[in-house]
Amino acid sequence: MPPTSSLRALQVKVPRRIAGRRFASHGPPQFNEPSGLLFGEKPPAPGQKRVKEEWENIWYVGMFGSMAMAAVLLYYKPDTSIQTWALREAKERMEARGEKYKYEPSS
């Protein structure tokens, strides 16, 4: 085995200014350059329809179906606010004491 000093001499050293500073970024950013086209698709020729990909219909059904289901669930959600509970509790206590909880003006 050669001495360690000769192993160090065999290593290729790249100057820091040539290699550049990466700061753990793993190289330049990887993204698609903007093309100016909507969603990166070329528009179809005049008189032709756009061909859907096979996942698009599933996405539409899933997205809008879940939005409709969320709207129905929110509409029928039980009222659990503290104000509603306090009003109901106050009415029950006043009725138990024999008091009226609605104001009736005396004429």
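1. Is Glu89 buried, partly exposed or exposed? In this predicted model, Glu89 is partly exposed, since its relative accessible area is 23% and the buried class ends under 20%. Its salt-bridge partner is Arg93, at 3.3 Å from N to O. Arg93 counts as exposed, at 52% relative accessibility. Both residues sit in helix α4 (residues 82-97), four residues apart, which is about one turn of the helix.

2. The structure holds five salt bridges. Side chains of opposite charge can pair when their charged atoms come close. One of the bridges joins Arg50 and Glu56 at 3.0 Å, N to O. Arg50 is partly exposed, with a relative accessible area of 40%, whereas Glu56 counts as buried at 5%.

3. Another bridge joins Glu99 and Arg97 at 3.4 Å, N to O. Glu99 is partly exposed at 39% relative accessibility, and Arg97 is exposed at 58%. Elsewhere, Glu41, Arg50 and Glu56 belong to one network of salt bridges with shared partners.

4. The unreviewed UniProt entry annotates residues 58-76 as a transmembrane region. In the model this stretch is 95% helix and 0% strand, with 27 Å between its end C-alpha atoms.

5. Three aromatic pairs are counted. Tyr60 and Phe64 are stacked, at 6.4 Å centre to centre and 15 degrees between the planes. Both lie in helix α3 (residues 56-75), four residues apart. Tyr75 and Tyr76 form an edge-to-face pair, at 5.0 Å and 90 degrees, and both are exposed. Ring pairs also link Trp59, Tyr60 and Phe64 into a cluster.

Note on methods. Residues are numbered from 1 along each chain as its sequence is written. This is a predicted model: local features need pLDDT of at least 70, side-chain atom pairs count only at pLDDT 80 or more; totals for chains, interfaces and linings use all residues. Side-chain values use heavy atoms; hydrogens and water are left out. UniProt positions are given in the numbering used here, feature names are shortened, and annotations may be inferred rather than shown by experiment. Helices (H or I, at least four residues) and strands (E, at least two) are DSSP runs, numbered from the N terminus. Rings of Phe, Tyr and Trp (its six-membered ring) pair if their centres lie within 6.5 Å; planes under 30 degrees apart count as stacked, over 60 as edge-to-face and the rest as tilted. Buried means under 20% relative accessible area, exposed over 50%, partly exposed in between (1.4 Å probe, protein chains only). A salt bridge is a side-chain nitrogen of Lys or Arg within 4 Å of a carboxyl oxygen of Asp or Glu.
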